[in-house]
Amino acid sequence: MSFIAGLNRRFAHLKRELAKFGSVGAIAFVITFGIFNALHQSAGVGPISSNVIATVVATTFAYFANRYWTFRHRDRTGLGREYLLFFVLNGIGLVISSLFVGFTTYVLDLEGVIPSNAALIVGTGVATLFRFWSYKKWVFLPTTVPVVDPHTGMPAGAEVPSPVGDGRSTRPSTPHRANSHVVGPRPVTDDHAEFRRVTQSR
């Protein structure tokens with residue numbers, strides 16, 4: 001039981017990400033599904049063109065939903081960079097799903113609502129797995145954590161502040177060395193000289 005509990009704690013964050021990503025993906029799929037059928041079945045647009053248009057619209061929604069909900073805890077590296085990479089990776093996902101649609105329509109010669117949508121569902125599922133992996137790897141990067149000094153518990157290179165009011169600088173001071181003066185005979189003080197005169201006169 002403890003092993004299972006440890007795994008649950010370890011992967012709890014991943015499960016939350018997957019749940020949110022799945023919710024966004026489900027909504028994006030509804031958008032893709034609706035636009036695809038509206039264009040292909042109602043407007044007579046070709047299956048590939050319908051899939052491309054539907055995917056572009058759904059991808060725009062998915063980016064903002066993932067950026068500001070699913071992966072909002074991750075580092076932000078610029079809207080332009082993320083948006084460009086997001087579309088490039090979704091382009092690869094689009095190729096994956098289009099291969100399934102095109103293979104079903106032009107190779108298997110299966111047309112109609114059921115074959116087209118079945119191919120779209122399977123292709124979208126495979127493309128979704130690729131997108132989740134690629135988003136985490138290249139688009140929504142993990143937050144950078146500074147290296148912690150094990151002795152101070154603070155980020156490496158940070159100055160350790162002295163207690164308030166002690167008048168010392170926050171810069172590390174050079175350790176004081178005992179007997180750091182030059183080695184040699186100690187100077188004779190007046191007390192030592194007087195002691196010698198008394199002992200010599202006896």
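These are my notebook entries on a predicted model, taken feature by feature.

**Entry 1. Overall layout**

I began with the secondary structure. The protein has 5 helices and 0 strands. Along the sequence I read the pattern α-α-α-α-α. I then looked up burial. Of the 202 residues, 25% are buried. The accessible surface comes to about 14000 Å². Carbon and sulfur atoms account for 66% of that surface. I also checked contact range. Among contacts with a separation of 6 or more, 65% join residues 24 or more positions apart.

**Entry 2. The nonpolar cores**

I turned to the largest nonpolar core, which has 17 residues. Which members touch the most others? I noted Phe71, Phe86, Tyr135, Val139 and Phe140. At least two residues each come from helix 1 (2-42), helix 2, helix 3 and helix 4 (113-139). Helix 4 gives the largest share, 5 residues.

I followed Phe71 further. Leaving out residues up to four places away in sequence, Phe71 touches Glu17, Phe21, Asn66, Phe132, Tyr135, Lys136 and Phe140. Another core lies apart from the largest one and has 5 residues. Its members include Ala54, Val101, Ala119 and Leu120.

**Entry 3. Salt bridges**

I counted the salt bridges next and found 3 in the structure. I took Glu17 and Arg74 to begin with. Their closest N and O atoms are 3.5 Å apart. Glu17 sits in helix 1, while Arg74 is in the loop between helix 2 and helix 3. The two are 57 residues apart, so I logged this as a link between distant parts of the chain. Both Glu17 and Arg74 are buried.

Glu17 has a salt bridge to Lys136 as well, with the closest N and O atoms 2.5 Å apart. Glu17 lies in helix 1 and Lys136 in helix 4, so this pair ties together parts 119 residues apart in sequence. How buried is Glu17? Its relative accessible area is 2%, and I recorded Glu17 as buried because the cut-off is under 20%. Glu17 and Lys136 are also both on the contact list of Phe71.

I then looked at Glu82 and Arg67. Their side chains meet in a salt bridge at 2.6 Å, N to O. Glu82 belongs to helix 3 and Arg67 to helix 2, 15 residues apart. Both residues are buried. Last, I checked for shared partners. Glu17, Arg74 and Lys136 are joined into one network.

**Entry 4. Ser97**

I looked up Ser97, which is in helix 3. Is Ser97 buried or exposed? Ser97 is buried, at a relative accessible area of 4%. A polar atom of its side chain lies 3.0 Å from the backbone oxygen of Leu94. Beyond four places in sequence, Ser97 touches Asn51, Gly123 and Thr124.

**Entry 5. A nonpolar surface patch**

Which residues make the nonpolar patch of about 700 Å²? I listed Ile48, Val52, Val56, Phe103, Tyr106, Val107, Leu108 and Leu110. Helix 2 (47-70) and helix 3 (79-107) are the elements that give two or more residues to the patch.

I picked Val52 from this list and placed it in helix 2. Val52 has 32% relative accessibility. That value falls between 20% and 50%, so Val52 counts as partly exposed.

Conventions
Residues numbered from 1 in each chain as written. Predicted model: local features only at pLDDT ≥ 70, side-chain atom pairs only at ≥ 80, totals over all residues. Heavy atoms only, no water. Patch = residues over 30% accessible without salt bridge, like charges linked within 9 Å, V, L, I, M, F, W, Y side chains within 5 Å. Areas by Shrake-Rupley, 256 points an atom, 1.4 Å probe, with all protein chains shown as cover. Salt bridge = Lys/Arg side-chain N within 4 Å of Asp/Glu carboxyl O. Helix = DSSP H or I, 4+ residues; strand = E, 2+ residues; numbered from the N terminus. Buried < 20%, exposed > 50% of the residue type's maximum accessible area, 1.4 Å probe, protein only. Core = buried A, V, L, I, M, F, W, Y, C linked by side-chain atoms within 4.5 Å. Contact = heavy atoms within 4.5 Å. Polar contact = N/O pair within 3.5 Å; in protein donor to acceptor, adjacent residues only side chain to side chain.
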